[in-house]
Amino acid sequence: MNPTFIGEHLLPGKLGHFSAILAFVAALLSAFSYWQAVRAEKFPEQNRLRSWLRLGRSSFIIHSLSVLSVFIALYVIISGHLFEYHYAWEHSSRSLPSKYLLSCFWEGQQGSFLLWTFWHCVLSMFVMWKGRSLESRTMVVISLVQAALVSFVLGFYFGPDIQIGKTPFMLLRDAMAGAPIFSQPNYLDFVKDGNGLNPLLQNYWMVIHPPILFLGFAATLFPFAYLIAALWKGEYQSFLKPLIGWSLFAGGVLGLGIMMGGAWAYESLNFGGYWAWDPVENASLVPWLTLVAGLHTALVYRSTGRSFGATVLLIGISHVLIWYSTFLTRTGILGDSSVHAFTGEGASIKWHLLIVLLAVGLTLLVAYLIRKRRLPRAAGEEQLLSREFWMFVGAFVLLLSAGQIIVSTSIPVWAPLAKWISGKDIAPPTEPLQHYNTVQIWIAIVLGLLSSAVLFLKYKTTSKATALKRWGITGLLALALALGLGYWQHIPFRTDTLSYILLLFAASWTVMGSLYYAFTIGGRSIRKMGPSMAHLGFGVLLLGILFSSFNKEVISLNTLGVNLDFGKNAAENARESRENVLLYKDVPVAMGDYFATYKGDSTDPKDPRTFYRVDYQRINDQTREVKERFTLYPDAFVNPKGQEGIIANPDSKHYWDRDVFTYVSSVSAPAKEGDTAGLRRMEMKPNDTLFMSKAYLVFRNFDGQVDASRYAAQPGDVALRAQVDVYNLNGKADSLQPIFYVRERFAQSVPDTAQTIGVSMALTQVNPETGAGSFEIREEDPTRKFVVLKAILFPGINLVWIGTIVMVLGFLLSLWNRQQRKSAVVVA
């Protein structure tokens, strides 16, 4: 007989689970109703068509409200710290700041699926509002995808082996069935707190980055759905305006979400930068590349009637790749090759995700093959000096870029098959930066050149003299810009730097070509500057990537001859040992143009991180005067959620033209309980003096004014505070106020610490007859307190962020411009 459990709040979970089931059923009903509306188009009875459309819309609205209800129910559980639910216990805690409560949603699988589903609901309202003749077919696709997404949070079981989704409303006692604690009806009295949010996610970027990224993921469904609707209907003109509009929106938002992830990695991870070719990063980048390629071929089709087949495949494959990236990052198939993939629950949804992935991919493939022979085609070949020819070339280069990235990222997927065929083991690249950069730099060069050149070509044909003139003018301007930038960034002209020189010129040409086009040919209308602005942002982004990569300089060089052990293989350990400096407390060490001094650490009881204060000084070589001072606080935390070692969060000093990026690689072990190193026991009377290595202490007297923030008094306590002044060569530097109190006949003490001199003091006994006190004084040994620090100089890093913003604005400006004018399709 099951006991009646005390204190459980079951209503939010029941309402949430019911809403998830209702959302699933309503999505299927909406898909069925819209499909019936498609069938009704063949008959003249308009009432039947309207009836099915009304039912389809009503069902989808019910679906959307149900998804919102699931979202609200889960938020109530998390924010209310209802730890009887496994999801709340697993991903949150009472000490978690309220601003990070939403981050608990997307730390787990189910919450991120809900976020993705929610954005589909919001965006689908625009389809029902503006879908017109393609609404019914488009909404069939959208509703079926919604049903598939909601199925991941259903939590239905068919026998012991078949599971459909996993509900976020599972009770802790069900998730840990069999644990002895749950045999007690009052088990919640023993569940005092949750497991907590991964400290890596306790960053403001992780509050805003996932919603934007998932909005981008969600937006890729809509050009896909319009494409399937067009193939289904066999009509290839009315779908084009919404397809291009949704592609612009998805490209801008997804690109912004990806680079927000780069900003998070730069500020919160010790990648040593904003991009490390991590598999999760790659999985989100590849759909963006194919989507941008498909957007350009769609523009070609809009103006010339060409490249429709390429548009179908590129736009369609973009959404398929979203599902494939989900498969890669959520099933655990990447193993340890990614630092921030989902791994804990992958096995339970692997086949579920694979079935959805195959369904989406086969839908695209079957629809394309059925209509392949009747797809629109333009007669003849493109002219060499035509915009559509080189836009198609650019789209193909983007596809090559995506191909190299996704094939390499997917090595854990196809390596077992390759081993079965060839008998050879294939592992992911051990040096991913070199592996990807070697190929992608040449792709970036070609794209940079094309991004400028194509702006000065017209569709169908272009005057050779006109094209050469505009290329010549912008090419000379780009050459001048490249020479100036190369001189500024000290990029030498050598054989081994050829690729960097070419990328510098290509990016400079993109910048100058975009500006020239915007203010001459583009007519100086801001509304029409979208394409040139997007290309300008891409060029600035390329310059930022070049400068921050080529001239990236490690300034924390180990000149002490100390061999540091990072637990890696011999080669990696030797490199890391050269590039990390050992900082003893209060001992300045030269790092590039700076002197860095580790001054100590600080903690917050509500925060698992320890912040390490490092003071920097830049000194004038001639006068030896200090030119600049600043302080950085890189932090680290130990053993979060069972992991071993430390995880470091960087801190950076931002200049307009560079960043000084620092993170902690290793720290001294904290003093263990019972460690008596540096401990002195003294009896002191009022006005007695005790000399330390850096200062001296003067015990003044006792008083009863105990600080309530350091000591929680209870009835019957007797408490005293000692007043101790701290002096150095410059006078009074600090004070110590250790507390002694007696509670229920037991003497206890609350020590105090003077961070300025590294001295802690505890009052352990009071002699009322003599007025003396017994003290334990501990002084830090500077050789026992240290950090190992890595510092990197990133020149031109701000160009990465500026370029991203400008490029995204270009996407959105193009979208706004297209919404303001009527669509015009040129039919070949």
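User: What makes H17 oblique to H18?

Analyst: In this predicted model, the axes of helix H17 (residues 464–488) and helix H18 (residues 498–521) cross at roughly 130° and come within 8 Å. Angles over 145 degrees count as roughly antiparallel and 65 to 115 as roughly perpendicular, with the rest, apart from those under 35, being oblique. The angle falls in that remainder, so H17 is oblique to H18. The crossing is right-handed.

User: Which residues of H17 and H18 meet, and what is the make-up of the contact by class?

Analyst: On the H17 side the residues include Arg 470, Trp 471, Ile 473 and Leu 477, and on the H18 side they include Leu 504, Phe 505, Trp 509 and Tyr 516. By class, the contact of H17 with H18 has 15 nonpolar, 5 polar and 1 charged residues. Arg counts as charged and Gly as polar; Arg 470, Gly 475 and Gly 486 of H17 are among the residues in this contact, as is Gly 513 of H18.

User: Why are H12 and H14 called roughly parallel?

Analyst: The axes of helix H12 (residues 308–330) and helix H14 (residues 387–409) cross at roughly 20°. Angles under 35 degrees count as roughly parallel, and H12 and H14 are therefore roughly parallel to each other. Their axes come within 13 Å, and the crossing is left-handed.

User: What do H12 and H14 bring into contact?

Analyst: Ala 310, Leu 314, Leu 321, Tyr 324 and Leu 328 of H12 meet Phe 392, Ala 395, Leu 399, Ile 406 and Thr 409 of H14. The contact of H12 with H14 holds 9 nonpolar residues, 1 polar residue and no charged ones.

User: How do you know whether Cys 104 and Cys 121 are buried or exposed?

Analyst: Buried means under 20% relative accessible area. Cys 104 has 0% relative accessibility, so Cys 104 counts as buried. Cys 121, with a relative accessible area of 3%, is buried by that cut-off too.

User: How many disulfides does the structure contain?

Analyst: A search of the whole structure for cysteine sulfur atoms within 2.5 Å finds 0 disulfides.

User: What can be said of the chain as a whole, in secondary structure, burial and contacts?

Analyst: The chain comes to 21 helices and 23 strands. Of its 828 residues, 52% are buried. Among contacts between residues at least 6 apart in sequence, 70% join residues at least 24 apart. Along the principal axes, the C-alpha atoms fill a box of roughly 110 × 85 × 60 Å.

Conventions: Residues numbered from 1 in each chain as written. Predicted model: local features only at pLDDT ≥ 70, side-chain atom pairs only at ≥ 80, totals over all residues. Heavy atoms only, no water. Axes fitted to C-alpha atoms, helices over the stretch in contact; angles between N-to-C directions. Helix = DSSP H or I, 4+ residues; strand = E, 2+ residues; numbered from the N terminus. Left-handed = near helix turned anticlockwise from the far one by under 90°. Contact = heavy atoms within 4.5 Å. Buried < 20%, exposed > 50% of the residue type's maximum accessible area, 1.4 Å probe, protein only.
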